[in-house]
Amino acid sequence: MRRIAIFDTTLRDGEQSPGASMNLEEKLEVARQLARLGVDVIEAGFPIASPGDFEAVRLIAERIEGPAIAGLCRALPADIDRAGEALRPGKRTRIHTFIATSDIHLEHKLRRTREQVLEMAVAGVQRARNFTDDIEFSAEDASRSDPDYLARVVEAVIDAGATVVNIPDTVGFAVPHEFSALIRRLREQVPNIGRAVISVHCHNDLGLAVANSMAAVLAGAGQVECTVNGLGERAGNAALEEVVMALNTRRDCFQATTGINTREIYRSSRLLTDVTGIAVQPNKAVVGSNAFAHEAGIHQHGVLQERTTYEIMNARDVGIAESRLVLGKHSGRHAFEQRLRELGYELSREDLDRAFARFKELADKKKEIFDADLESIVTDEVYSGPEEYVLDYMTVVAGLEGYPTATIKIRHGQSDLVDAGLGVGTIDAVYKTIDKIVQVPHDLVEYSVQSVTGGTDALAEVTVKIGAGSRIYTGRGASLDVVEASAKAYMQAINKLVYYQTQRT
Ligand code: KIV
Ligand code: ZN
């Protein structure tokens with residue numbers, strides 16, 4: 001069995017999805033989860049792109065143990081030095097340097113000849129060696145490059161010290177038989193290829209990212225680059241959960257394993273949805289809400305007799321536990337902590353105190369508390385980040401006649417800010433009043449509400465996206481009351497915006 005390395009780029013390519021930007025605390029939380037998941041490499045960001053990216057790479061390199069931490073950089077001296085500096089505190093670090101090799105990119109983007117690009121690639125790898133021995137080189141747009149030229153570049157960068165050579169299908173143009181032929185050709189044509197691992201990085205523009213990655217594995221690729229939930233530029237990258245479960249479920253075909261703890265897959269997916277506000281479609285493979293649901297009677301009957309009649313994977317293997325009745329209002333702190341641990345949450349004392357207080361509050365109002373409720377509480381209490389503005393008090397009046405009205409008090413440092421306002425609906429009234437008080441310019445880009453479990457006493461989970469400049473900030477709130485959940489989600493998004501803006505000044 002070969003061991004395929006899983007290189008996760010959720011924090012870099014994934015974060016390039018429109019609306020998927022994350023703040024520093026969220027990136028750290030995602031990195032911690034990726035380490036639990038057992039990925040081999042975490043690409044933590046593109047350090048020269050912004051001070052925020054630099055800081056994220058630095059902090060993740062400093063704090064996260066287990067996977068190697070990679071920083072992306074173009075094959076330019078300043079980029080490489082910046083990546084090297086960001087990675088300095090890490091124990092296991094990788095510099096990932098890239099330059100495009102297709103004629104389209106050379107002519108229109110780089111305005112360089114093939115010889116010049118080859119020299120830049122080699123110089124980039126040599127410079128990266130000042131910082132680490134683990135160097136990955138990517139030939140951007142490899143799948144649309146002249147294969148003979150690509151082979152020359154690959155050979156030269158391996159000679160210069162690259163330990164991993166990545167062959168990206170940058171624009172998602174490849175089809176599986178052609179992409180595997182390219183990998184095979186490089187293995188045959190590049191004399192020193194045995195000194196490096198071949199990696200692939202496929203985009204999903206034609207919905208073929210996972211199929212192309214799997215075809216490349218069959219052709220000898222030893223590393224797959226992917227993202228949780230398939231996040232990424234445009235139509236996204238190959239979805240980590242699909243690549244890993246394909247390798248696991250069809251071991252007979254791929255003869256390969258990974259170091260992934262598959263039971264952490266679902267939790268990783270949920271975390272990304274919570275942090276980015278980008279939900280996965282219900283019929284998404286492996287982690288969609290319908291992935292293990294059986295609607296047709298004949299299927300239900302079959303599964304009840306023998307699960308494998310219609311299921312090729314076990315939901316438990318990807319960490320989807322049945323949402324069962326777990327706790328009630330008489331449950332103590334110990335039972336609460338124990339159940340969270342079973343669900344994979346290791347909380348600090350302070351976070352646990354907050355989550356437990358919230359659980360007691362919920363248990364007073366809601367008879368039955370399910371795993372999904374606990375996950376929602378924990379995400380709500382623990383991942384919310386710094387709060388410049390705190391919602392202190394809110395009343396809403398609505399009826400069949402007249403205008404819905406909201407009265408709101410928000411704490412800002414030592415001041416209490418109070419105001420009231422009208423809206424066309426209760427949530428509109430709340431949001432307009434918050435806007436009057438906080439006065440931070442932005443646009444509401446998206447508002448959505450979901451119920452965590454069934455019934456009118458289910459927790460409501462609200463996701464809000466607001467835009468300011470070119471950035472989108474996501475807020476999430478959970479409560480038994482949809483208006484309260486909406487207010488919390490809005491406040492969280494505003495606090496993220498304010499935090500981002502203060503970090504930059
Ligand atoms: O899609 C791509 O080519 C990339 C490279 C930087 C690896 O993201
Ligand atoms: Zn990419």
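This is a predicted model: local features need pLDDT of at least 70, side-chain atom pairs count only at pLDDT 80 or more; totals for chains, interfaces and linings use all residues.
Domain bounds in this talk come from an automatic or database domain assignment. On that basis, the protein chain is divided into domain 1 (2-276), domain 2 (297-381) and domain 3 (390-504). The centres of domain 2 and domain 3, taken over C-alpha atoms, are separated by 27 Å. Eleven residues from domain 2 and twelve residues from domain 3 take part in the contact, where contact means heavy atoms within 4.5 Å.

Residues are numbered from 1 along each chain as its sequence is written, chains are lettered from A and ligands numbered from 1 in the order in which they are written, and side-chain values use heavy atoms, with hydrogens and water left out.

Asp 13 belongs to the loop between strand 2 (5-8) and helix 1 (24-37), and His 203 to the loop between strand 8 (197-202) and helix 8 (209-218), so the pair ties together parts that are 190 residues apart in sequence. For these elements, helices (H or I, at least four residues) and strands (E, at least two) are DSSP runs, numbered from the N terminus.

Are these two residues buried or exposed? Asp 13 is buried, with a relative accessible area of 2%, and His 203 is buried at 4%. Buried means under 20% relative accessible area, exposed over 50%, and partly exposed in between (1.4 Å probe, protein chains only).

Ligand 1 is surrounded by residues including Arg 12, Asp 13, His 96, Glu 140, His 201 and His 203, each with a heavy atom within 4 Å of the molecule. A polar side-chain atom of Arg 12 lies 2.9 Å from an oxygen atom of ligand 1. For His 201, a polar side-chain atom lies 3.1 Å from an oxygen atom of this ligand. An N or O atom in the side chain of His 203 is likewise 3.1 Å from an oxygen atom of ligand 1.

Next, the interior. A nonpolar core is a set of buried Ala, Val, Leu, Ile, Met, Phe, Trp, Tyr and Cys residues joined through side-chain atoms within 4.5 Å. In the largest such core, which has 94 residues, Ile 42, Phe 137, Val 165 and Ile 167 touch the most other members. Helix 6 (residues 147-160) gives this core its largest share, nine residues. Domain 1 (2-276) and domain 2 (297-381) each supply at least three residues to the core. A second, separate core of 27 residues includes Ala 406, Val 440, Ile 466 and Met 491.

Arg 476 deserves a moment. This residue is placed in strand 18 (residues 471-479) and counts as buried at 5% relative accessibility. The side chains of Arg 476 and Glu 461 are joined by a polar contact of 3.0 Å; such a contact is a pair of N or O atoms within 3.5 Å, and within protein one must be able to donate a hydrogen and the other to accept it, while residues adjacent in sequence count only if both atoms are side-chain atoms. Among the residues that Arg 476 touches are Asp 274, Ser 376 and Asp 380.

Finally, the backbone. Most residues other than glycine have a negative phi. Asp 141, although not a glycine, has a positive phi of about 60 degrees. Asp 141 is found in the loop between strand 6 (135-140) and helix 6, and is buried at 0%. Gln 439 has a positive phi of about 50 degrees. Gln 439 lies in the loop between helix 16 (426-438) and strand 16 (443-451), and counts as exposed at 64%.

Key:
Lists of a residue's contacts leave out its neighbours within four places in sequence.
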